[in-house]
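This report is written for a reader who is new to protein structures. Please study the sequence and the model shown here before reading on.

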Amino acid sequence: MRIHLFVPCLVDQFYPGVAVAMCRVLKKLGVEYAYLTDQTCCGQPAFNSGYHREATELAERFLKVFEPAETVVAPSGSCVSMVKIFYPQLELSPAGKRTLERLGPRLFEFSDFLVRELRVVDVGAQFRGKVTYHDSCHLLRELKIEEQPRQLIRNVHGLEFVEMDDMQTCCGFGGTFAVKFPEISTAMGTDKAAAIERTGADAVVANDSSCLMQIAGILSRRKSRVVPMHLAELLAQGI
Amino acid sequence: MITGPIKFKEAARRNLAAQDLRENLRRATSHSTTLRLKAVSAVPEWEDLRSEAHAIKKEAIDHLAEYLERFESQATEAGCKVYWAETASQAAEYVVNVCRQKGASLVVKAKSMTSEEMELNTALEGASIQPVETDLGEFIVQLAGETPSHITAPALHKSRTQIGKLFSEKLGMNFSDDPKELTRAARAILREKFMDAGIGITGVNFAVAETGSLVLITNEGNGRMCTTLPRTHIALMGIEKVIPRFDDLRVFLKLLARSSTGQKLTSYVTILNGPREARETDGPEELHVVILDNGRSQLLAHPHTREALYCIRCGACLNVCPVYQRVGGHSYGWVYPGPIGSVITPELQGISQAQELPFASSLCGHCSAVCPVKIDLHHMLLWLRKSAVDSALTSRGERWIIKLFAATMKRPGLYRWSGMLGWMVQRILAPRGKGLRVPCWSAGRDFPPLPKKSFHQLWEEGEIN
Ligand code: SF4
């Protein structure tokens with residue numbers, strides 16, 4: 001199988017290790033990948049802030065860049081839902097619409113790609129320690145991906161999985177919400193961090209780097225010993 | 001009516017800092033969400049019921065004029081007097097006039113958010129008519145001189161101790177925080193009021209077009225007292241309360257109580273068909289139904305938000321909302337708080353009056369996931385954000401940032417260059433291995449350090465294979 005990588009701007013700039021880890025897992029599974037070097041941002045920040053004109057421009061651009069792709073995989077539920085769920089709400093050009101209609105169904109979030117498309121739940125990863133999982137909102141409620149990441153985590157060798165309280169409660173990031181309402185956002189994140197710590201886990205896993213940016217920022221401020229980790233990074237352990 | 005733009009941010013900041021309030025909100029909302037979850041998971045066909053309710057509401061709202069007229073004629077035939085109020089003040093004026101005609105100086109009220117929209121208590125007091133709230137939560141809120149902070153649990157923001165103090169201060173009783181004792185005290189006062197009041201005012205949960213019936217869902221029995229003891233009953237409803245058929249109640253009754261309090265059914269379901277008939281022994285002599293528009297019909301024309309009219313005011317979206325849970329209902333500045341408030345306040349009061357509300361959400365979508373009539377609340381917030389932008393209500397600074405952002409993202413070279421620039425700035429300003437201090441972020445959280453190389457760079461340099 002051959003796929004194209006969609007590496008969201010936040011991952012590209014702040015967490016390249018997540019995309020590198022994803023590549024390592026894909027390679028282990030025999031998936032060939034290519035990277036379209038002109039890709040930037042899907043336009044989500046503009047869309048979520050209400051700026052449809054700018055979002056449409058970036059959506060058109062995204063669809064043009066990814067025009068050569070057949071199957072696309074991204075390590076982010078949020079950016080995948082931007083394309084799959086929210087692009088159709090924009091006024092796209094006929095060409096953009098055509099690409100979207102073809103590409104939309106072939107755009108996968110990483111864990112979903114592994115479990116539903118490749119039918120793999122054990123990638124052969126190894127991790128000694130206790131791990132808990134945070135359901136990212138877009139992944140859970142826009143894409144309805146709930147079980148796939150859990151299956152993958154449970155099958156990591158040597159790992160003990162533990163659910164946290166309120167695992168489906170938002171971490172408080174919410175894109176521009178995090179900076180428009182920093183106090184509320186931080187309060188939400190603090191409760192999330194406390195729930196994570198209560199499990200006694202060594203690591204907290206999520207599938208979105210944006211949530212992880214929030215969770216990591218708070219854990220680090222609390223001088224917590226829990227390590228935030230993207231699912232791809234966990235699955236790349238020991239392979 | 002609100003008198004100037006709602007300052008959500010300011011109020012939220014204040015309420016967030018109030019520790020007591022945080023704790024009260026946490027306790028109450030987590031209690032109701034747990035009960036709701038338990039009640040809902042016991043109904044295997046829950047999702048089907050939601051879809052069915054959505055379809056019924058769609059039918060009702062798509063043919064709103066028809067069903068309202070049908071309701072009016074059926075209710076009139078049953079002996080009700082129906083009054084159409086375009087604005088909240090018209091509705092309040094009508095109620096005051098009925099009270100005057102009847103020479104009533106005391107009015108007992110059951111819970112009604114519509115009456116809050118009308119600011120009815122103020123209007124009545126202005127006409128020297130004393131309104132007495134008989135729902136326990138509303139009674140507390142009225143005693144404290146406040147407004148409800150939740151649509152089904154008006155005094156949710158208060159703890160038992162706070163209520164105990166309030167009672168001992170205002171009612172002159174010995175302090176107690178025992179709910180039974182407090183309820184008994186309130187009941188003793190209310191009993192007398194029920195006997196003396198000339199008029200009872202209630203809200204309406206459902207108005208059945210087919211039969212002209214008014215349906216009231218309550219837990220304390222006060223609603224039933226308000227509709228039976230006084231000689232005149234005035235029922236207040238928004239135009240969206242109409243449902244086509246009596247049989248539709250089968251669906252809504254299953255959904256409403258479970259969503260709001262986690263009960264299978266509320267303690268009382270009252271179905272009223274007109275005032276007392278000659279052969280009957282109880283019920284009011286006159287029954288007035290006030291049907292309020294107050295901006296709702298404008299919502300009908302908004303394709304992306306009209307489904308907000310499907311709301312059955314269960315309060316579930318408030319209880320699960322992580323923002324509501326932390327800032328409380330009073331932060332939202334008008335009658336309806338939480339996710340549904342963030343949608344309808346801008347729609348009913350004007351987006352320029354409430355432009356902060358659609359943005360005050362992390363868009364987690366929990367509200368939409370629990371809504372018993374499947375209102376897509378968080379996606380509506382996105383449309384309202386667009387409408388704030390289209391009406392040029394966002395700040396000039398923000399508009400520039402977005403423009404700059406889009407311009408950068410359209411040019412891969414510039415995008416990469418700004419990433420490198422960021423890294424250089426970080427090297428100069430931030431301690432080794434740490435991220436920058438970023439305004440609006442770093443007060444309570446650390447900002448992630450930018451790595452030396454982006455994924456793009458690693459790829460171009462052949463470090464990934
Ligand atoms: S919007 Fe839905 S969840 Fe919220 S109060 Fe209305 S019916 Fe209940």
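## Basis of the model

This is a predicted model, in which local features need pLDDT of at least 70 and side-chain atom pairs count only at pLDDT 80 or more, while totals for chains, interfaces and linings use all residues. Residues are numbered from 1 along each chain as its sequence is written, chains are lettered from A and ligands numbered from 1 in the order in which they are written, and side-chain values use heavy atoms, with hydrogens and water left out.

## The interface of chain B and chain A

In chain B, 62 residues are in contact with 60 residues of chain A, where contact means heavy atoms within 4.5 Å. The two chains bury about 5,600 Å² between them, and carbon and sulfur atoms account for 64% of it. Buried area is the accessible area (1.4 Å probe) that two parts lose on being put together, summed over both. On the side of chain B, the residues losing the most area to chain A are B:Tyr415, B:Arg445 and B:Phe455, together 13% of what that side buries.

Between chain B and chain A there are 5 salt bridges, each a side-chain nitrogen of Lys or Arg within 4 Å of a carboxyl oxygen of Asp or Glu. A salt bridge joins the side chains of B:Glu398 and A:Lys180, at 2.9 Å from N to O. By class, the side of chain B that touches chain A has 32 nonpolar, 13 polar and 17 charged residues. Here Ala, Val, Leu, Ile, Met, Phe, Trp, Tyr, Cys and Pro count as nonpolar, Asp, Glu, Lys and Arg as charged, and the others, Gly among them, as polar.

## The two domains of chain A

Chain A is divided into domain 1 (2-115) and domain 2 (121-235), with bounds from an automatic or database domain assignment. Their centres, taken over C-alpha atoms, are separated by 22 Å.

In chain A, 27 residues of domain 1 are in contact with 23 residues of domain 2. The area buried between these domains is about 2,000 Å², with 68% given by carbon and sulfur atoms.

## An exposed residue

Is B:Thr3 buried or exposed? B:Thr3 counts as exposed because its relative accessibility is 82%; buried means under 20% relative accessible area, exposed over 50%, and partly exposed in between (1.4 Å probe, protein chains only). The C-alpha atoms of B:Thr3 and B:Arg22 are separated by 27 Å, and these residues lie 19 residues apart along the chain.
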